[in-house]
Amino acid sequence: GTTYLSDYRPYPFTLDHVSLTFRLAPKATRVKAALSLAPREEGAPLHLDGEELKLISLAIDGQALKPADYLLTEAGLTIHPAALPEGAFTLETEVEIAPEDNTALEGLYMSKGMYCTQCEAEGFRKITFYPDRPDVMARFHVRIEGDQSVLLSNGNPVGHGPGWAEWDDPWPKPAYLFALVAGELVATHGTFTTMSGKTVDLNIWVRPGDEDRTAFALGALARAMKWDEEAYGREYDLSLFNLVAVDDFNMGAMENKGLNIFNSKLVLASPETATDLDYERIEGVIGHEYFHNWTGDRITCRDWFQLCLKEGLTVFRDQSFTSDMRLGPVKRIEDVITLRGRQFREDAGPLSHPPRPDHYREINNFYTATVYEKGAEVVGMLKTLVGPEGYRKALDLYFERHDGQACTIEDWIKVFEDSSGRDLSQFKHWYTDAGTPRLKVTDNFKDGTYTLEFTQETRPTPGQPEKPARHIPIAVGLLSPNGDEVVPTTVLEMTGDRQSFTFTGLGAKPVPSILRGFSAPVVLERETSAEEQAFLLANDTDPFNRWEAGRNLARATLTAMTVGAEPDPAYVEALGALIGDESLSPAFRALILRLPGEDEIAQSLFTAGRTVDPDAIHRARHALMATLAERHETALAHLFDASAVPGPYKPDAASAGLRSLRLACLSLLSLRDDAARARALYASAGNMTESLGALGILVTVGKAETELAAFRKRWQGNPLVMDKWFVTQLSLCPPDEAPDLAARLAADPLFDWRNPNRFRSVLGGLSANHAGFHRKDGAGYRFYADWLIRLDPLNPQTAARMSTAFETWARYDKARQEKMRAELARIAAQPGLSRDLGEMTARLLG
Ligand code: ARG
Ligand code: ZN
């Protein structure tokens, strides 16, 4: 069935305290639970969620219940009101579960011999009978019995002996934040002294053999703890913080109170095995999960419709953290590339939904780019509207007012209204309405007065035909024709469908720099000349818009090239001027040198109502690279030599920026030197960033056979590195070969498809190869659908998540559309299809 936001009712019981005892066994773990409950209203039945549980015993205040006292279904346990005592009581249950058979990786499961849990969103109901909803917050006491050397749960250790350990979490929490880990693990240990002088023990737990790749994660954790004290005044609230790496994990990581559990790819790093991008992500996600301690754990969500309350805010926080640790403007550009690549794409198709949806069948299908990334943009807009001090004031009020509560988006907006005195009722549409607004702008100059006129329009999205005007903060600056900034960044607030803003006292018609810093997640549509974009690329003081001007030029020439135009000389020349500009950071120049991806070009063609031909896009992109390489060969070669990073590998932003610039040069130069430099770099590289970068370039030019074999041989024992081997060759190989290569790789004995990372590396690698996935004969679609069908019965969450590769079907020609829809229909028709994938295919088919 479907769950609706409007059906929310508080739970009719209070649950103060929970006591759990686990007796671990792979095929028959026993879980005893004692819940101290009290009715809030009279005569309500007691409903507890529970799935795939074998009920062993059931008692209230020590009295076993009779079969007539309760009803047991596939979804849970309901106890008749008549069987409940009048006031408070203790409900005791015992169930049996089989972690070893849990291939869905939700609830209590096993990964390489170790027990671990993933309870968000609704996995706790696969562990015991419980009111598995985030607004029920209780204190947990946990006893674990097992012969593993390490037995962990949330909170503080309160006792242990041979074969057992007990944990007590003093902070009330919803069940989705429960965690348990048991295994033969080793810890890297550290400490952190909080701002009030308390010492916190930090542990990163991994399987033996992985401990030499934990140092960076430990440092990142300490940096995150410090940053949250400085930027948000938030101090950690337990004397222990445990973080565990697991190899089999559906998502990135999980913020369980005091016991964060991570996909090992977001913890383990060494120069030989992890790339600069891995390092950056590890620091960002460690920050993200740590920041959840306040925005998620101390203040949680009332129901799952409010997911972006914790996720949007926490992504915004982790983005700010990374921005402070590395290069702010570069981070902003990277975040906007991701937002457009994932969220704009989602918003333009059948899966479009608001950051706060109002119905779902399976909540796991809503851990999306819209809830996370757009949710973060909405927080960023609030900050822009109230200013940095107003933002800090609002957040202080949020923590003060709502600590210990399960909240809603309404609570969140009210905090901003009360602390700033502003009316944010129109702003709220950003949370409740789907779709990406399109902002059109025209300008006019007369007698020293410059006018910008904006109109906004949001196209209908599934279930939301009407789109009221949004409240849009538009950061604008004006440049004089000789390149001076005559009006510094000013935030215009658009609230109507059409609105004008004037600037007076100008000596000449200025060049506008609109939507600086990407101040709102909208599509900006403005008829401009290539000369004006080139002017902004050369002169804008806002680094984001400077990059954006280059991107606009690149996109415009690429889309024209798909229908036969020649590369735009304005773009080719402007780029040449920038790459040698020593005043720009290497990381920024690397971003400017990297062309928009094929999917991004497809998306902008689609938005403009034009035909999307994947092969033409691929050819155009390649042709533009060839032109750039030919025109700037000398400068690129010089820059390639000059940007070598001396000394041993360091993952800091400056070194990473140089490596990124060097590889961006290399990818162009390889079209001129028969890949000689790439081959030499691969042979000599002392770190994964350069080996993988060089390998990818060799794959692109079709000359990687020897290196791919050598790489496999060297790294076959390291699953995280082997994931890179799979994804690199699939995503970058010549498109015509991609579906066949996918089939070959799926037959490789190392394709352990039950492991989500490995599954994603092959299916994600194929779908990242735009023209390959969309090969005309439909082989890419068929391969992909076959594997979703195969994975679904074992791991519905990951199968459903990966099905989003089909969300763009409406972009393409009729023949491709039909093939994609036919595969979706074939999936939808599978007997026993999961609720997860069933909901996705139904929405995808529209
Ligand atoms: N709360 C986690 C995070 O963003 C995500 C966990 C989601 N897992 C899931 N199965 N839905 O940090
Ligand atoms: Zn999160």
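So, which residues come nearest to ligand 1? Of the 14 residues around ligand 1, they're E120, M251, M254, N364 and Y367. Near here has a cut-off: the C-beta atom, placed from the backbone, has to lie within 6 Å of the molecule or strand in question.

Before I go on, this is a predicted model, so local features need pLDDT of at least 70 and side-chain atom pairs count only at pLDDT 80 or more, while totals for chains, interfaces and linings use all residues. Residues are numbered from 1 along each chain as its sequence is written, and chains are lettered from A and ligands numbered from 1 in the order in which they are written.

Back to the ligand. Two elements give two or more residues to the shell around ligand 1, namely strand 20 (253-254) and helix 2 (276-291).

A121 lies in the loop between strand 11 (114-118) and strand 12 (138-145).

K112 sits in the loop between strand 10 (107-111) and strand 11, and its phi is near 45 degrees, a positive value in a residue other than glycine. The cut-offs are 20 or more other C-beta atoms within 10 Å for buried, 12 or fewer for exposed, and partly exposed in between, with C-beta atoms placed from the backbone.

D447 also has a positive phi, about 50 degrees, and isn't a glycine. Where is D447? You'll find D447 in the loop between strand 25 (438-446) and strand 26 (449-457). D447 counts as exposed because it has 6 C-beta neighbours inside 10 Å.

The largest nonpolar core has 235 residues, and L180, V181, L221, V244, I261 and I282 touch the most other members. Helix 5 (residues 369-402) gives the most to this core, with 12 residues. A nonpolar core is a set of buried Ala, Val, Leu, Ile, Met, Phe, Trp, Tyr and Cys residues joined through C-beta atoms within 7 Å. Leaving out residues up to four places away in sequence, L221 touches L202, L243, I286 and Y290. Contact means that the C-beta atoms of two residues, placed from the backbone, lie within 7 Å.

Next, some helix packing. The axes of helix 9 (residues 543-562) and helix 10 (residues 569-579) come within 9 Å and cross at roughly 145 degrees. Those axes are lines fitted to C-alpha atoms, for helices over the stretch in contact, and the angles run from 0 to 180 degrees between N-to-C directions. Who makes the contact? L553, A554 and T557 do it from helix 9, and A570, Y571 and A574 from helix 10. By class, that's five nonpolar, one polar and no charged residues.

R551 is in helix 9 too, and R551 is buried, because 23 other C-beta atoms lie within 10 Å.

Then there's helix 11 (residues 586-593), which is mostly covered: eight of its eight residues are buried. The buried residues of helix 11 pack against helix 4 (328-347), helix 9, helix 10 and helix 15 (653-669).

Last stop, P350, in the loop between helix 4 and strand 23 (359-360). P350 and A810 are 460 residues apart along the chain, and their C-alpha atoms are separated by 8.7 Å. Not counting residues up to four places away in sequence, P350 touches P462, E807, R843, L844 and G846. P350 counts as partly exposed, because it has 19 C-beta neighbours inside 10 Å.

That's my tour, so over to you.

Notes:
Helices (H or I, at least four residues) and strands (E, at least two) are DSSP runs, numbered from the N terminus. Ala, Val, Leu, Ile, Met, Phe, Trp, Tyr, Cys and Pro count as nonpolar, Asp, Glu, Lys and Arg as charged, and the others, Gly among them, as polar.
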